[in-house]
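Me: I have a protein open here and would like to go through it. Can you start with what a contact is?

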Amino acid sequence: MGKKQSQFNPDKLALTKEQILDFCDRVIEKWNKNPSKNAKNIFAMNAVKTSVLWTDDESLKAIWGEILTWTFELFYENALAQGQNENSDWSNVMKKLKNKK
């Protein structure tokens, strides 16, 4: 019998609660370099962080799975909209996305 291969599912949350909190902390740390400009953003990210802390793991997986699903869709739609707004062809949009890494 063959080895069962796991299916990649970008919508399934594989991150732990601690990894999500670490992400929030990195964003807050970045914004703290200019706290007066980012005060509202820092406050909002701290609210996100608090909600992650208080949410059970199953709900966290459901919520962040939806966030991931919508993020991919929004990246795609945003890239298309920028390409149309800049009168660029799709290959130029993809180059710009690739260069953002």
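Reply: Contact means heavy atoms within 4.5 Å. The model here is predicted. Among contacts in the protein between residues at least 6 apart in sequence, 47% join residues at least 24 apart.

Me: How many helices and strands does the protein have?
Reply: There are four helices and zero strands. Read from the N terminus, the order is α-α-α-α.

Me: At what angle do α1 and α2 pack?
Reply: Helix α1 covers residues 17-31 and helix α2 covers residues 35-54; the angle is about 170°, and the axes lie 9 Å apart. Angles over 145 degrees count as roughly antiparallel, so α1 is roughly antiparallel to α2.

Me: Which residues of α1 and α2 meet?
Reply: On the α1 side they include I20, L21, F23 and W31, and on the α2 side I42, M45, V52 and L53 are among them. By class, this contact of α1 with α2 has 13 nonpolar, three polar and three charged residues.

Me: New topic. How many salt bridges are there?
Reply: The structure holds one. D25 pairs with K49, and their closest N and O atoms are 2.4 Å apart. D25 sits in helix α1 and K49 in helix α2, 24 residues apart, so the pair links distant parts of the chain.

Me: What about the whole protein, how much counts as buried?
Reply: Of its 101 residues, 17% count as buried. The protein exposes about 8,700 Å², with carbon and sulfur atoms supplying 57% of that.

Key. Residues are numbered from 1 along each chain as its sequence is written. This is a predicted model: local features need pLDDT of at least 70, side-chain atom pairs count only at pLDDT 80 or more; totals for chains, interfaces and linings use all residues. Side-chain values use heavy atoms; hydrogens and water are left out. Axes are lines fitted to C-alpha atoms, for helices over the stretch in contact, and angles run from 0 to 180 degrees between N-to-C directions. Helices (H or I, at least four residues) and strands (E, at least two) are DSSP runs, numbered from the N terminus. Angles under 35 degrees count as roughly parallel, over 145 as roughly antiparallel, 65 to 115 as roughly perpendicular and the rest as oblique. Ala, Val, Leu, Ile, Met, Phe, Trp, Tyr, Cys and Pro count as nonpolar, Asp, Glu, Lys and Arg as charged, and the others, Gly among them, as polar. A salt bridge is a side-chain nitrogen of Lys or Arg within 4 Å of a carboxyl oxygen of Asp or Glu. Buried means under 20% relative accessible area, exposed over 50%, partly exposed in between (1.4 Å probe, protein chains only). Accessible areas come from the Shrake-Rupley method with a 1.4 Å probe; for residues, only the protein chains shown count as cover.
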